[in-house]
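Here are my notes for your next reading of the model. Please keep the sequence and the structure open beside them.

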Amino acid sequence: MYDPVLIRGARVPELPLVLDSPHSGNRFPEDFAAAVTEHELRDGEDCYVDELFGAGVELGAPLLAAQFPRTYIDPNRHPGDVDPDLIEGFSETDWPWGYRPSGKARIGKSLIWRTLDDGRPIYTRRLSMAELRQRVERYHAPYHAALRELLDAAHARHGRVYHINCHSMKSVAGKQSDDGEGALRPDFVLGDRDGSSCAAAFTECVRAALAGQGYKVKVNDPYKGVELVRAYADPAAGRHSLQVEINRRLYMDESTYQKYAGFEALKTALTRMLRSVAAFVA
């Protein structure tokens, strides 16, 4: 088994800033046993997002990246957000993390994906509770432990911490999307859970730094931030979390997963944004 997480940069941040990319992993565990190809399973991957935000490390902010694929287990879901239709003999009382459904199970997108975005099933069988528990303990839990460690270290050193949760989104909404099939996405979507996960000034700092470079930026529409923003945000205690979604059309071919010419220009733009954030948090 490989290390499920990768941390770039200092574990005690020089800045009160931590970045994480929970969906950029594509090292497929041997026990995945999916009925579709690895290429098809990359449908849920935030390709190259950890690379795009790489300048954060040079500025003094560590970057945590998952090495495992989101379709195997999603660290941006609560471990109690399980899909009973996927699990053989699921028992709420026997599941150590309780049962905390988000509503995503109805489309097969809870803790462990049951379907691809086009609705095709990933498995030809139901998974056992033992299999799910192993995935949580070996992959999900270490990711959260590493993120907590980085956030706590920054907060202990600086008395505050700013957390950017890094993602990408398809350029056009699919049939299972909340914003409606065929909806065209903006260049960026920032999610602060309707202002509850970070100071408004932090959201505005990121928004202005991107919009000032000509990008179209929306806030909390259609993405507000999920578990990794919710779980570690406490603005009153100096803990601020913001989700950033990047439109994939800016930097990659969405059918082949290959970078194209826009990649370096986008990385440069994100580096400028991170410099603005570094000045803000310092």
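1. Basis of the notes. This is a predicted model, in which local features need pLDDT of at least 70 and side-chain atom pairs count only at pLDDT 80 or more, while totals for chains, interfaces and linings use all residues. Residues are numbered from 1 along each chain as its sequence is written, and side-chain values use heavy atoms, with hydrogens and water left out.

2. Helix H5. Helices (H or I, at least four residues) and strands (E, at least two) are DSSP runs, numbered from the N terminus. Helix H5 takes in the 12 residues 200–211, which at 1.5 Å a residue should span 16 Å, and the 16 Å between its end C-alpha atoms agrees with this; the expected span is 1.5 Å times one less than the number of residues.

3. The buried side of H5. Phe202, Thr203, Cys205, Val206, Ala209 and Leu210 are buried in H5, where buried means under 20% relative accessible area with a 1.4 Å probe, protein chains only. These residues cover an arc of only 155° around the axis, which puts them on the same side of H5; the arc is taken from the directions from the helix axis to the C-beta atoms. Their cover includes strands E6 (161–169), E7 (188–191), E8 (217–219) and E9 (239–247), together with helix H7 (262–281).

4. Aromatic pairs. The structure holds 15 aromatic pairs, counted when ring centres of Phe, Tyr or Trp (its six-membered ring) lie within 6.5 Å, with planes under 30 degrees apart called stacked, over 60 edge-to-face and the rest tilted. Tyr162 and Phe202 form an edge-to-face pair, 4.9 Å centre to centre with 65° between the planes. Because Tyr162 lies in strand E6 and Phe202 in helix H5, this pair ties together parts that are 40 residues apart in sequence. Phe188 and Tyr215 are also edge-to-face, at 5.2 Å and 85°, and tie strand E7 to the loop between H5 and E8, parts 27 residues apart in sequence.

5. Nonpolar cores. A nonpolar core is a set of buried Ala, Val, Leu, Ile, Met, Phe, Trp, Tyr and Cys residues joined through side-chain atoms within 4.5 Å. The largest has 41 residues, and those with the most contacts inside it are Phe53, Ile164, Phe188 and Tyr251. Its largest share, 9 residues, comes from H7. A second, separate core of 37 residues includes Phe28, Val36, Leu150 and Leu228.

Technical notes. Buried means under 20% relative accessible area, exposed over 50%, partly exposed in between (1.4 Å probe, protein chains only). Contact means heavy atoms within 4.5 Å.
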